[in-house]
Amino acid sequence: MSRLAKRVGLFLLLFVVTLGVLVPFWDLAAPHYERLVAAAARPLFHILERPNVTVLGVDGGELWVFRRLDEQRATPFLYLDRYAFFAVIPLVALFVATPGLGVLRRGARTLGGLAALFAFQILYVVAAVELGYAASGMSTPPAFFARTLDGWQVLVRILWEAGPLLIWIAFSWSAWKRFVRQVHVTDEGAARRWPGAGLGEMDTREGWLA
């Protein structure tokens, strides 16, 4: 097995172990995280809606979206359970397992990735609610969005699923390039010191005996 394959295997192992350690903490963290999402999303609904009809609330581990009927009444429209924002945990595990990063750089990229994911999740909540209003006839979107409403809903869903992985790739791409380059440099150095490096044992001996 090559040195690169061994390092990738170590990355996968460390990711799984870190994920296993962090998962139990999500039940405790989820309600607090959802309150942060709700607090950050409310101003966006105030900006987008005239009048503002969306009310957000967190009950236990669930984020609820209500639509105002009048000043005193509101009806439930959507809810997101405690695992809707679970991507935080595997994203942290990915950064912990990423090779080629020092402690400070790893911490900075983890925080940067989490900030990007937080912003992405806020935008998803707003987009999902507004697209849901439009699809159910509760609001009238601009003509362009109305004609392509199904496509926008599919796109938002795809981005929701792929977003955390895309964020990790964006924040770790340079580290992986540097890591792979270092592995190749190490392999080339070994090859110069021992001409048979990287060949099977029998091939190496035959090469030296030839």
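Biologist: Where does Pro51 sit?

Modeller: Pro51 is in the loop between H2 and strand E1 (54-59). Helices (H or I, at least four residues) and strands (E, at least two) are DSSP runs, numbered from the N terminus. This is a predicted model, in which local features need pLDDT of at least 70 and side-chain atom pairs count only at pLDDT 80 or more, while totals for chains, interfaces and linings use all residues. Residues are numbered from 1 along each chain as its sequence is written, and side-chain values use heavy atoms, with hydrogens and water left out.

Biologist: What is the peptide bond from Arg50 to Pro51?

Modeller: That bond is cis, with omega near 0 degrees.

Biologist: How many helices and strands in the protein chain?

Modeller: The chain has seven helices and three strands. From the N terminus on, the order is α-α-β-β-β-α-α-α-α-α.

Biologist: What share of the chain's residues is buried?

Modeller: Buried residues are 31% of the 210 in the protein chain. Buried means under 20% relative accessible area, exposed means over 50%, and partly exposed is in between (1.4 Å probe, protein chains only).

Biologist: And H3, how many of its residues are buried?

Modeller: Eight of the ten residues of H3 are buried, so the helix is largely enclosed by the rest of the structure. Among them are Ile89, Leu91, Leu94 and Phe95.

Biologist: Which ring does Phe95 pair with?

Modeller: I'll take the aromatic pairs in order. Rings of Phe, Tyr and Trp (its six-membered ring) pair if their centres lie within 6.5 Å; planes under 30 degrees apart count as stacked, over 60 as edge-to-face and the rest as tilted. That rule gives 15 aromatic pairs. One of these is Tyr33 with Phe85, a tilted pair at 6.0 Å centre to centre and 55 degrees between the planes. Tyr33 is in helix H2 and Phe85 in the loop between E3 and H3, 52 residues apart, so this pair links distant parts of the chain. Phe85 is buried at 0% relative accessible area, and Tyr33 is buried at 14%. Phe95 pairs with Phe171: the ring centres are 6.4 Å apart and the planes stand at 85 degrees, so the pair is edge-to-face. Phe95 lies in helix H3 and Phe171 in helix H6, so the pair ties together parts that are 76 residues apart in sequence.

Biologist: Is Phe171 buried or partly exposed?

Modeller: Phe171 counts as partly exposed, at 28% relative accessibility. Phe95 is buried, at 0%.

Biologist: Which residues form the aromatic cluster?

Modeller: One cluster is formed by Trp26, Tyr33, Tyr83, Phe85, Phe86, Phe118, Phe120, Tyr124 and Trp160.

Biologist: Which ring does Arg67 lie over?

Modeller: Arg67 lies over the face of Tyr133, 4.4 Å from the ring centre. The rule asks for NZ of Lys or CZ of Arg within 6 Å of the ring centre and within 35 degrees of the ring normal.

Biologist: Changing topic. How many salt bridges?

Modeller: There are three salt bridges, each defined as a side-chain nitrogen of Lys or Arg within 4 Å of a carboxyl oxygen of Asp or Glu. Asp27 and Arg82 form one of them, at 3.8 Å from N to O. This pair links distant parts of the chain: Asp27 is in helix H2 (residues 26-48) and Arg82 in the loop between strand E3 (74-80) and helix H3 (88-97), 55 residues apart.

Biologist: How exposed is Asp27?

Modeller: Asp27 is partly exposed, with a relative accessible area of 38%, and Arg82 is partly exposed at 27%.

Biologist: What about Arg157, which residue is its partner?

Modeller: Arg157 bridges to Glu161, with the closest N and O atoms 2.9 Å apart. Both are in helix H6 (residues 149-193), four residues apart, about one turn of the helix. An α-helix has 3.6 residues a turn, so residues three or four places apart point the same way. Glu161 counts as exposed at 52% relative accessibility, whereas Arg157 is partly exposed at 43%.

Biologist: And which residue meets Arg73?

Modeller: Asp70, in a salt bridge of 2.8 Å, N to O. Arg73 is exposed at 51%, and Asp70 is partly exposed at 29%.

Biologist: Last one: what share of the contacts with a separation of 6 or more comes from residues 24 or more positions apart?

Modeller: Such residues account for 64% of those contacts in the protein chain, a contact being heavy atoms within 4.5 Å.
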